[in-house]
Amino acid sequence: MCSGVSEVLSSVVKDVDQAVSRNINGAQLLHELLSAPWLCALLKIYECLLKFQRLTPSPVLPYAAGLSHEVSPARELCSLLSSPHIQALLSSHDSVAQSDYEPVLPPLPDEIPEDEEAMRIVCLVKNNQPLGATIRKDEATGDIYIARVIHGGLADRSALLHPGDLLVEVNGNPVVGLEPEQVIHILANSQGTILFKVIPNPSQASNSQTLVCMRAMVDYCPLQDSSIPCPDAGMAFSRGDLLQVVDQSDGQWWQARKLPCATSCAGLIPSASMLKSKQREQWWCQPLQCSLTSPAGFRRSFRVWKRTSYRKRRQSCTTCSPNTNALSTPYEEVVLYQRPPQENHRLIILVGASGVGVNELRKRLIKLNPSTFQGPVPHTTRSIRAGEQNDREYHFVTKELFEYMVCNHRFVEYGESKGQLYGISTDAIDEVLKRGRMCIIDAEPHSIQLLRTKKFKPYVIFIKPPKRETKQKNECYLKLTVILMSVLVNDDLQDACIELCSIIQQAQDEPQWIPVSWGRAED
Ligand SMILES: Nc1ncnc2c1ncn2[C@@H]1O[C@H](COP(=O)(O)OP(=O)(O)OP(=O)(O)O)[C@@H](O)[C@H]1O
C-alpha cells in the first residue's frame, strides 16, 4: 500500500515536470493532467481514506484490544487502594487482626460462677439533650429496668441500652431498691459522662420494626395527659398531622415522628387502643364523626340542578351509610399515592361555608374547560320539559325508583323541591370518571364520608372567604382538617379559578397521602 502510493506520487511529479519542460499551453496541460492514470489512482486512495474514516479502526495486533481492557481496571484499582480512606481501613483491619488496641482488658478470673450474668458498662456523654430512654420498676423484685428507648435519641444512637436491660448502677450509685423518681433525679443531676452498669436483656427483641404512616384524626397534648410515662418524651400533634410511627412494640405507647421529619428523635404517642380508651374518658377532642353530624355554618341551598334560586331541603345519606365508622378511629393509616395515567381521575370535592363561592367556582371551572371538568348528571322525579333530554340535563326517574335508590344508599345527597325529588348518585359520579373526565362536585361535609372510597379517592378542597370576612365561616374548616387536602381563599374570582385549576392538576398528577385501604389492590 505504501509503495503504491509513493509510485503514484512520483508519477505525478514526473508528469508535471515533463509538461512544464514541453512548454505547452494551459488548456492542453489541464487536459493531460485530468486524463492521467495517477489522478484516477489518487481519487481511489481518497475514496478509501473516506471509507476508513467512517469505520472503527481494528487493532493492529490481534491481542492489542484485550490488553487495553486489562490495563484500565488495574490502574483504577491501584488508585482506589491508594486512596487515604482505603489505606486507613486496611490499617484498622490489620490493627484489629493483631489485637493491637487499647485498653488491654484484665484477664478473666479463673473461677466464675456458671450463673454469673454478663454485666455491660455503658458510658454515654450527655450534653443538654435528654437521655432518650424511660425506666420502670418491677414492683415484685424492686428492680429497675429500661422500659423503652426513644428512636433517634441519645441512648438509641449509642446502640448500647435496650428495653428490658436491668439497671444496676448509675455513676457508681447502686439503683436496686430505689424508686424510679430517685434514679431520674440522679440522671438529671449528671452532666457530661454518665456511666451505667446494666445486665443486658437476654431476650432482646429485634429492632426491625416496619414504619407505618398515619394521619392523626384527633388532637393530642402530652402535657395534659397524666398517664404518659414520661411527658418530656411525649409528642404533641393536631388532627390532620402526618405521623411516621417507628415503634409499635408497646401496646400502649407508640413512638412516632411528625412528617415531614423535622427531627431525627421520635416522641411517645398513645397507641390507637390507648386513645380509644381515653375517648371514653372524654379528655381528648371529639373525632370528626361527631363534628360532621352538625354542620352548622355550611350552605343551606340544595343545587343539584341548574337553577340555583331554589332553596330546597337538603338531606344526606350519612345516617344510613354503611361506612359511618371509618372516621371514628384516632389514627388513619396512609400511603403515598401517585395516580397511574390509566387510572380514573380522583373525585374533586369543593366544600365551604354558605355564600363563600363554592358553586360559582365549580361552574366557572366546568365552563372554562368542559372537555376536562364535568359535573355529575342529577336524578329527578319531575317530568321532562321541552328541549331537555333524558340523561343529559337529568336522569328522569319515577318516584318509586328514586326511593329505591335512597334505600340502597345510591345518593350522595338528595332533596325535595316543589314536591319533586332531586339527587346526585354515586353512579352519576362514576359515569363522569369512567369517561376520563375530572368530576367536580360541591358537597356538604357530612356527605363526604360516603365518597371516601377506593373508587373515588376524593380530593377535598376547602374554599375559604378572604380574611376580611367573618371568622365564623372558618370554624367549619377546623372540623374538617383531617379530610381536607387543600385550602383555597376565594378573594378575586379569576385568581381563585386559576389557583383552583393548579390545585386540581397537582391532586391528579402528584403523589398524595391517601388512606391505605384506598391504595390496596383489588381482592
Ligand atoms: N370571589 C368572588 N367575588 C365576588 N363575588 C363572588 C365571588 N365568589 C362568589 N361570588 C358570588 O357570591 C354569590 C354566592 O356564591 P355561590 O353561589 O357560589 O355561593 P356558595 O358558596 O355556593 O353558597 P350557597 O350554597 O349558599 O349558594 C354568587 O352571586 C357569586 O357570583
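Biologist: Why is Tyr331 called buried?

Modeller: Tyr331 has a relative accessible area of 6%, and buried means under 20%, with exposed over 50% and partly exposed in between, for a 1.4 Å probe and protein chains only, so Tyr331 counts as buried. This is a predicted model, in which local features need pLDDT of at least 70, side-chain atom pairs count only at pLDDT 80 or more, and totals for chains, interfaces and linings use all residues. Residues are numbered from 1 along each chain as its sequence is written, and side-chain values use heavy atoms, with hydrogens and water left out.

Biologist: How many aromatic pairs does a search of the whole structure find, and why is the pair of Phe237 and Tyr331 called tilted?

Modeller: The search finds 8 aromatic pairs. The ring centres of Phe237 and Tyr331 are 5.9 Å apart, with planes at 50°; rings of Phe, Tyr and Trp (its six-membered ring) pair if their centres lie within 6.5 Å, and planes under 30 degrees apart are stacked, over 60 edge-to-face and the rest tilted, so this pair is tilted.

Biologist: What makes you say that the pair ties together separate parts of the sequence?

Modeller: Phe237 belongs to the loop between strand S7 (212–216) and strand S8 (242–247), whereas Tyr331 is in strand S12 (residues 331–337), so the parts tied together are 94 residues apart in sequence. Helices (H or I, at least four residues) and strands (E, at least two) are DSSP runs, numbered from the N terminus. Phe237, at 3% relative accessibility, also counts as buried.

Biologist: Why is the pair of Phe402 and Phe411 called stacked?

Modeller: The planes of Phe402 and Phe411 are at 25° and their ring centres 4.4 Å apart, so that pair is stacked, and both residues are buried.

Biologist: Which residues touch the most other members of the largest nonpolar core?

Modeller: Within this core of 23 residues they are Phe237, Leu243, Val245, Trp254, Ile269 and Tyr331, where a nonpolar core is a set of buried Ala, Val, Leu, Ile, Met, Phe, Trp, Tyr and Cys residues joined through side-chain atoms within 4.5 Å. S7, S8, strand S9 (253–259), strand S10 (267–270) and helix H8 (272–281) are the elements that give two or more residues to this core. Tyr220, Phe237, Trp254 and Tyr331 form one aromatic cluster.

Biologist: How do you know that strand S13 is largely enclosed?

Modeller: In S13 (residues 348–352), 5 of the 5 residues are buried, so the rest of the structure largely encloses this strand. Ile348, Leu350 and Gly352 cover one face, with Ile349 and Val351 on the other. S13 is parallel to strand S19 (residues 438–442) over 3 bridges and to strand S20 (residues 459–464) through 5 bridges, and two strands pair if DSSP finds at least two bridges between them.

Biologist: What makes Asp391 and Lys457 worth a check of the backbone?

Modeller: Asp391 has a positive phi of about 75° and Lys457 one of about 35°, although neither is a glycine. Most residues other than glycine have a negative phi, and most peptide bonds are trans.

Biologist: Which peptide bond is cis?

Modeller: The bond from Leu259 to Pro260 is cis, with omega near -5°, and Pro260 lies in the loop between S9 and S10.
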